[in-house]
Amino acid sequence: MTDDRKDAAALAAGIETVPELLAHALRIEEDAEERYLALADQMETHHNAAIARLFRWFAGHEAEHAREIRERMAGMALPEIKPWDFHWGDAESPESVDFTAVRYTMDTRAALGLALEAEARALAFFQRIVEVARDPEMRRWAEEFAAEEAEHVRLVRAEIAKLPPDDGQAVERAEDPDPPNEPL
Amino acid sequence: MNEHPAPKRKASDYKSEVKPVWCPGCGDYHVLLSLTRMLAASGTPPEQVAVISGIGCSSRIPAYTNCYGFHGVHGRSLALAAGLKVARPDLTVLVMSGDGDGFSIGGNHFLHACRRNIDITYVVMDNQVYGMTKGQPSPTTDPEWDSALAPGGTGIRPFQPLVIALASGANFVARAFSGQPNETARIIHEAVMHPGFSFVQVMSPCVTFRPEQAAWKDAVHPAPVEATDDPARAARRIMTDDGFNIGVLYRGDRPVFDPHSGAEPVPLSALERSFAL
Ligand SMILES: Cc1ncc(C[n+]2csc(CCOP(=O)(O)OP(=O)(O)O)c2C)c(N)n1
Ligand code: SF4
């Protein structure tokens, strides 16, 4: 879905006020949490416990970020925005992992790869706002969000770097007793 | 459906405790998301919505919402929904189906639901295959699709659901793509708000039996022209497009079916007398 969301950063330019920016930032984290929870459920249903745990861990982090944003905006009224009116066009909010990119046999490397793409999209989104914001307060908020996303990108990269070249699950994949797309 | 300003609802408020069993990667996850986001945006309380389906992977969707639901007999979702809407016009009735459920075994109901123009919304998650029964071709499968269960392809001309809907009298016709869940939510919302029978074909890839449908996300594009209110023009456009135009394609203004004709109901005893030998 990276390609589908290539315009998300460009569309971020349509955000013009601090409350609008905060509504977007909050929705990004809420959507990301919801997506990781859904993906964790999928992996549990399909008996991939390790990746279910990993997605649940990411969900917890996204929930924490959403909580922090709510705390920091203390009392500020946010605009009501319909899902289709957010400034990420037809696509989804930038930090949500693509539903269609997951497979029930996926390994840690693949899951972290998707998380990295998601964090990188969120970073690009806020960087774009930093570039185009005319209101200094809005730029300051966007810089903070971009710095946080940059830190997440760094952390996920560090986790990927820690993985052995093969994560040991390849054998399990090869031995999948019920491959779903086996031509008869 | 009326817009309900308060209380504020989230998409997750419309999800049930039941975890979907779809294959990870299935487009239907996105359709569920679009549905719940659309309902949250409208604010309609879950108990004022009925989600009706038939049989298939796609038709499992009512169990995953906490609205009223009915997972009915294969191909009969529209008949169920028509009865429900006539009996309870106050409910928002959404029918969620697949291309097998809706166009094979349910094809006849589809034609007559379009004709009747009852105020319901019909969303078909079209993956051009029978997913649940392991990959048989469906009416919308292209004739050359070569598979283990249809070696060399079916060679049969695909069913054109949008054109058939127009020819049969549907009052609103649109095409959406599951990979654009916010746009799909917007289109379904418009379909629900439009009076009469609204039909939305959602292209929803089956990653398991049609993995090549992953390419749909690069093929779809917004319909290049605004929706028309002329069914003939809409049909011509659809028959000559590349199959990937996304958006509302037709908005009609046919009168919505009203079960109350105004005539006095004939007492049963009078009917019985008229049939007496
Ligand atoms: C009366 C009857 N006939 C046949 C079946 C077998 N059957 C179950 S699902 C299905 C096709 C479903 O295809 P579709 O609606 O495209 O759903 P998908 O699984 O692809 O989402 C069939 C033929 C059945 N359940 N009942
Ligand atoms: S078989 Fe296909 S349609 Fe059914 S859940 Fe799996 S991916 Fe979805």
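Is Leu268(B) buried or exposed in this predicted model? At 60% relative accessibility, Leu268(B) counts as exposed, where buried means under 20% relative accessible area, exposed over 50% and partly exposed in between, with a 1.4 Å probe and protein chains only.

The model is predicted, so that local features need pLDDT of at least 70 and side-chain atom pairs count only at pLDDT 80 or more, whereas totals for chains, interfaces and linings use all residues. Residues are numbered from 1 along each chain as its sequence is written, chains are lettered from A and ligands numbered from 1 in the order in which they are written, and side-chain values use heavy atoms, with hydrogens and water left out.

Chain A holds 6 helices and 0 strands, these being DSSP runs (helices H or I, at least four residues; strands E, at least two) numbered from the N terminus.

| Property of chain A | Value |
|---|---|
| Buried share of the 184 residues | 46% |

Within helix 3 (residues 49–72) of chain A lies His65(A), a buried residue with a relative accessible area of 12%. Apart from neighbours within four places in sequence, His65(A) is in contact (heavy atoms within 4.5 Å) with Glu29(A) and His152(A). Of the chain A contacts between residues at least 6 apart in sequence, 83% join residues at least 24 apart.

In chain B, Leu268(B) belongs to helix 9 (residues 268–275).
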